[in-house]
Amino acid sequence: MAGSDDPVRRAFSGLALALDGPMLIVTAAAGGERAGCLIGFGTPCSIDPPRFLACLSKANRTHRVARRATHLGVHVVPAAAAGLADLFGDETGDEVDKLARCAWREGPHGVPLLDGCPNRFVGAVRERIDVGDHEALLLDPVWAEHRDGGPALRFGAARRIEPGHPA
Ligand SMILES: Cc1cc2nc3c(=O)[nH]c(=O)nc-3n(C[C@H](O)[C@H](O)[C@H](O)COP(=O)(O)O)c2cc1C
């Protein structure tokens, strides 16, 4: 496998940074456990039918809970809610009960819905694809809310956060 000094790898990582995509928080509930983490790897991927791809690191507790979940919550993180990004990106549920530290309610299919993120949806897990050190979950939206939540927090502003789990 090519190392970190590989020029293609270096250029690819530079252009991935330049995309500066929106930050999302994925939540999951299964078998009496709840979890959630900050993700940058998430995107709509079909218009008709509407579908979304959310990628979870196999190292994360959220991935372990999501493996057993039928539905996931996907929240757009407002730029003004950087504290939530810190909580869900910098802490791991292996050590901290993140949901005890923020406001949320139980949404459709038991999925935790975060009060601080007014733009969110619940998606049924349609497929799970092994894409490398992450697993991509293909979601069919079954419930959604879209309100004025202000601009989204972007990757460039979230890079300062030290991930709770190395990918
Ligand atoms: C800027 C940024 C982007 C991240 N992107 C992802 C991602 O796309 N997928 C993912 O699973 N984790 C991603 N993480 C890492 C998790 O949010 C982090 O490791 C978290 O602490 C995991 O929590 P958990 O163990 O409770 O699931 C990202 C973290 C940061 C700071």
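This is a predicted model: local features need pLDDT of at least 70, side-chain atom pairs count only at pLDDT 80 or more; totals for chains, interfaces and linings use all residues.

Visitor: Is glycine 123 buried or exposed?

Guide: The general idea is to count neighbours: a residue is buried if 20 or more other C-beta atoms lie within 10 Å of its own, exposed if 12 or fewer, and partly exposed in between, with C-beta atoms placed from the backbone. Glycine 123 has 25 C-beta neighbours inside 10 Å and therefore counts as buried. Alanine 100, in the loop between helix 3 and strand 6 (104–106), has 7 such neighbours inside 10 Å, so alanine 100 counts as exposed.

Visitor: Which residues is glycine 123 in contact with, leaving aside its neighbours within four places in sequence?

Guide: Two residues are in contact if their C-beta atoms, placed from the backbone, lie within 7 Å. By that rule, glycine 123 is in contact with Phe52, His71, Leu72, Val74, Leu139, Asp140, Pro141 and Val142. Distance can also be taken between C-alpha atoms, and on that scale glycine 123 and tryptophan 143, 20 residues apart in sequence, are 7.1 Å apart in space. For the protein chain, among contacts between residues at least 6 apart in sequence, 69% join residues at least 24 apart.

Visitor: How many helices and strands are in the protein chain, and how should I read its overall size?

Guide: The protein chain has four helices and nine strands, and along the sequence they follow the pattern α-β-β-β-β-α-β-α-β-β-β-β-α. Along the principal axes, its C-alpha atoms fill a box of roughly 45 × 35 × 30 Å.

Visitor: What should I look for in the interior?

Guide: In soluble globular proteins, nonpolar side chains tend to be buried together. A nonpolar core is a set of buried Ala, Val, Leu, Ile, Met, Phe, Trp, Tyr and Cys residues joined through C-beta atoms within 7 Å. The largest one here has 36 residues, of which Ile25, Val26, Ala54, Leu72, Val77, Leu84 and Ala85 touch the most other members. Strand 1 supplies the largest share of this core, five residues. In helix 3 (residues 82–90), the buried residues are Leu84, Ala85, Leu87, Phe88 and Gly89, and they pack against strand 1 (24–30), strand 2, strand 7 (112–114) and helix 4.

Visitor: How many residues of helix 1 are buried?

Guide: Of the 13 residues of helix 1, the number buried is zero, so helix 1 lies largely in the open.

Visitor: Which backbone angles deserve a second look?

Guide: Most residues other than glycine have a negative phi, and most peptide bonds are trans. Just after helix 1, aspartate 20 takes a positive phi of about 50°, and histidine 109, in the loop between strand 6 and strand 7, has a positive phi of about 60°. A cis peptide bond, with omega of about 5°, joins aspartate 48 and proline 49.

Visitor: Which residues are closest to the ligand?

Guide: A residue is near a molecule if its C-beta atom, placed from the backbone, lies within 6 Å of it. In this model 25 residues surround the ligand, and the closest are Phe41, Asn60, Thr62, Gly93 and Gly164. Strand 2 gives the most to this shell, with four residues. The shell divides into eleven nonpolar, ten polar and four charged residues, where Ala, Val, Leu, Ile, Met, Phe, Trp, Tyr, Cys and Pro count as nonpolar, Asp, Glu, Lys and Arg as charged, and the others, Gly among them, as polar.

Terms used: Residues are numbered from 1 along each chain as its sequence is written. Helices (H or I, at least four residues) and strands (E, at least two) are DSSP runs, numbered from the N terminus.
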